[in-house]
Amino acid sequence: MTARTGSAVLARRRPLRAPAASRSNALPAGAWWLWALGLATAASRTTNPLLLGLLVGVAGYVVAARRTDAPWARSYGAFIRIGLFVVAVRLVFSVFLGSPIPGTHTVFTLPEVPLPDWAQGVRLGGRVTAEQLVFALYDGAKLATLLICIGAANSLANPARLLKSLPGALYEAGVAVVVAMTFAPNMVADVMRLRTARRLRGRPTGGIKAVLQIGLPVLEGALERSVAVAASMDARGYGRTAQVPPAVRRTTNVLTLGGLLGVCAGTYGLLAAQGALYGVPLLIAGLVAALAGLRLGGARSVRTRYRPDRWGVRAWLVAGSGVVVAVAMIWAGGAYGEALHPGVVPLTAPVLPLWPAAAVLIGLLPAVVAPVPPPVGAPVGAPNSKEIQ
């Protein structure tokens, strides 16, 4: 093979490789949220711990492969700890408050507290069975997986880009949400920076005195950032609205509120086992009404967008992978009902259904098609290692 032939083959192969992430090709935040919500929807349709663990593994792998070094990208570990805490709390409640799940395998017995007649159906203490512990573990694992999927979206989606892509009618509310989402990660980053500086100077980083000395600079930095954000928003004309007739404002409010209620009812129908028939029509009707209301409400906003996010092929693939996982798991609820919800009475070992597990693996697509972020700690604008090769 000649050098010219080898370069031609390399040129044909290079487009199949995910490009290095830059400001121009970064995925829209909505694509990451649709992907994560698709995984969360799939988690809500099963209590099989094997499938839930597979969903957590898929989300964790994508986060590890496409997470940047931004402050909000470090929140995934916190969501994992919150999920483990939820599982522990669910088990503790099941042990001390009992469970309606009957069981024959007694693990241990706690002293039971007598309760008055008006508290029938509630008990404190008593016999703890293996069946109720396994049921509580399955239930807590499902909620923990939902939280971890949402944490994946928080780690991958840029809150500022998410705010920029919001409709004009939701811009004011979106600013409050973005500020709330970014305050905690920035505060954690400030605490870590100050603790590192104190450690390098040979000062203690633990104890009440150290916490008090670190707290004041952290609050001062948060105040300075708030003032800077307020000044930049005022310079950009934030809060200015156009004159809209009262009838249009009332129509906007009715459409938006009714559409959001329809979306909530339709989403509940999709998540519930018996509401799939009315869930889809309500969700579609609610989305249409909400979009119409947001379209009318956007007429009040006089702001413009600088470099709006564009949905390319990679963004649609990332969002579509999450939607495919959710749809496949909803379909599997009818075909693999027993495998998706393993029984606890009698106790049976959960099995991994083949086709639902294969559908969950489709959620790994963002780890292949999404742009590759620079290595952790690399300066902004540094070439990616794959580009150097």
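Is alanine 59 buried or exposed? In this predicted model, alanine 59 counts as buried, because its relative accessibility is 0%, and buried means under 20%.

Let me place this residue. Alanine 59 is found in helix α3, which covers residues 49-66. Leaving aside residues up to four places away in sequence, alanine 59 touches Trp35, Leu39, Tyr76 and Ala152.

I turn now to helix α2, residues 29-44, and its partners.

With helix α5, residues 130-156, α2 packs at an angle of about 175°, and the axes are 9 Å apart. The two helices are therefore roughly antiparallel. On the α2 side, the residues making this contact include Trp35, Ala36 and Leu39; on the α5 side, Cys149, Ala152 and Ala153 are among them. By type, the residues of this contact divide into 14 nonpolar, 3 polar and 1 charged.

The other partner I wish to present is helix α11, residues 313-335. Here the packing angle is about 15° and the axes are 8 Å apart, so α2 is roughly parallel to α11. The crossing of α2 past α11 is left-handed. Contributors from α2 include Trp35, Gly38 and Leu39, while those from α11 include Ala319, Gly322 and Val325. This contact comprises 13 nonpolar residues, 4 polar residues and no charged ones.

Notes. Residues are numbered from 1 along each chain as its sequence is written. This is a predicted model: local features need pLDDT of at least 70, side-chain atom pairs count only at pLDDT 80 or more; totals for chains, interfaces and linings use all residues. Side-chain values use heavy atoms; hydrogens and water are left out. Axes are lines fitted to C-alpha atoms, for helices over the stretch in contact, and angles run from 0 to 180 degrees between N-to-C directions. Helices (H or I, at least four residues) and strands (E, at least two) are DSSP runs, numbered from the N terminus. Angles under 35 degrees count as roughly parallel, over 145 as roughly antiparallel, 65 to 115 as roughly perpendicular and the rest as oblique. A crossing is left-handed if the near helix is turned anticlockwise from the far one by less than a right angle, and right-handed if clockwise. Contact means heavy atoms within 4.5 Å. Ala, Val, Leu, Ile, Met, Phe, Trp, Tyr, Cys and Pro count as nonpolar, Asp, Glu, Lys and Arg as charged, and the others, Gly among them, as polar. Buried means under 20% relative accessible area, exposed over 50%, partly exposed in between (1.4 Å probe, protein chains only).
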